[in-house]
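Please view the sequence and the structure first.

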Amino acid sequence: MPRLRTVVLIAGAAVLAKRAMRRRINAAPLWPMPALDKPVSGRGRLATVTRRVVVTERTEPAEGVVRLRLEGTGLPAWQPGAHVDLVLPSGLVRQYSLCGDPADTDAYTVATRLVEDGRGGSREVHERLHEGTEIEIRGPRNRFPLVDAPAYVFVAGGIGITPVLPMLRAAEAAGADWRLLYCGRSRATLPYLDEIEKLGGSRVTVVAEDESGRPDLGLLAEVLEETAVYCCGPEGLMDAVAAAMPAGRTPRLERFAPAATAGGGAFEVELRRSGRTLTVAADQTVLAALRTEVPGVAYSCEQGFCGTCRLRVLEGEVDHRDELLTDAERGDSILICVSRGAGERLVLDL
């Protein structure tokens with residue numbers, strides 16, 4: 001892997017490109033969302049934006065991976081790192097990173113790998129979403145934004161390339177220095193590999209386990225302070241990248257795996273509107289406890305990503321374990337599928 005060095009942009013054209021990138025990255029944030037196309041309200045939770053899109057193209061960019069082009073009208077703008085919620089025909093809600101071109105205002109592009117032993121979302125995408133299929137989407141949201149930096153190091157594992165790919169294009173267009181370490185079981189399982197190698201040339205290091213084993217992350221210890229490090233992939237890879245960083249440095253990570261939902265002790269939850277109080281055990285989620293009292297409580301992903309189970313917090317401190325809510329939203333909301341009370345009592349608007 002090439003040494004991870006920053007490049008000072010001193011040429012006039014490069015300086016202009018970097019300024020252009022700064023203007024794009026620091027553009028107005030995408031949250032709060034634009035006006036609703038269709039409000040979906042639920043008892044005790046806030047409205048969520050949904051839009052109708054149609055699958056107009058389906059391809060397979062790698063073994064076990066399906067890429068979908070989703071066309072619709074009035075699609076909000078997005079920036080590298082953003083993701084959307086797909087409301088699947090069964091009602092399941094799953095999150096997928098946008099990996100197309102932000103300049104394409106008529107469509108979003110997502111890609112997903114089939115997870116044989118998963119919870120059914122990826123299988124439904126692979127088996128039921130074909131050209132002509134209409135579905136609903138929510139978002140986009142971005143908790144993995146590309147910051148302005150003179151240099152970047154990206155580490156992607158398999159399908160984790162999807163949020164990273166638009167970042168590579170943006171960094172290249174801006175003339176910024178960047179490197180990519182792209183890992184996977186084999187070259188055949190790595191989506192967009194041809195495009196990436198053509199885009200980055202020697203700046204791209206591909207590590208296929210069937211050829212050379214696991215990647216060596218030791219050189220991350222040499223990353224200079226001004227270099228932004230991004231990683232998306234399996235939990236093990238992200239943990240290894242974080243451990244390989246210099247002391248006091250943390251990478252920017254995109255996680256699409258469940259947070260720890262238990263632990264921290266039991267606590268009480270008061271349902272203010274219904275006048276009921278229940279106990280959430282240390283090995284139980286708030287959602288599981290509520291379903292014994294309110295069987296119809298709304299939920300979907302059970303991973304803290306989709307927002308379906310979002311409730312308003314009236315009193316008490318929350319131990320937030322979701323990957324969705326912004327800091328401002330966490331002031332008065334909780335995703336009950338993963339987050340917990342930080343104290344002895346929570347009061348919810350339910």
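Why is strand β11 (residues 227-232) largely enclosed by the rest of the structure? Six of its six residues are buried, so the rest of the structure largely encloses the strand.

The side chains fall into two sets. Thr227, Val229 and Cys231 point one way from β11. Ala228, Tyr230 and Cys232 point the other way. Residues in both sets are buried. In a regular strand, side chains alternate between the two faces of the sheet.

Next, the pairing partners. Strand β11 pairs with strand β8 (residues 151-157) and is also joined to strand β12 (residues 252-254).

| Pair | Sense | Bridges | One bridge |
|---|---|---|---|
| β8 and β11 | parallel | six bridges | Ala156 with Cys232 |
| β11 and β12 | parallel | three bridges | Tyr230 with Arg252 |

From β11 the chain passes through helix α6 (residues 235-244) to reach β12. This β-α-β crossover is right-handed.

Now the confidence. The model is predicted. The protein chain has an average pLDDT of 84, and 84% of the residues score at least 70. Confidence is highest in strand β3 (residues 65-71), at a mean of 98. Confidence is lowest in strand β1 (residues 38-42), at a mean of 34. Over residues 1-47 the pLDDT is below 50. Beyond near neighbours in sequence, that stretch has 99 contacts in the model. Where pLDDT is low, the predicted coordinates should not be read in detail.

Note on methods
Residues numbered from 1 in each chain as written. Predicted model: local features only at pLDDT ≥ 70, side-chain atom pairs only at ≥ 80, totals over all residues. Heavy atoms only, no water. pLDDT = per-residue confidence, 0-100. Helix = DSSP H or I, 4+ residues; strand = E, 2+ residues; numbered from the N terminus. Contact = heavy atoms within 4.5 Å. Buried < 20%, exposed > 50% of the residue type's maximum accessible area, 1.4 Å probe, protein only. Pairing = 2+ DSSP bridges. Right-handed = clockwise from strand over helix to strand, strands pointing away.
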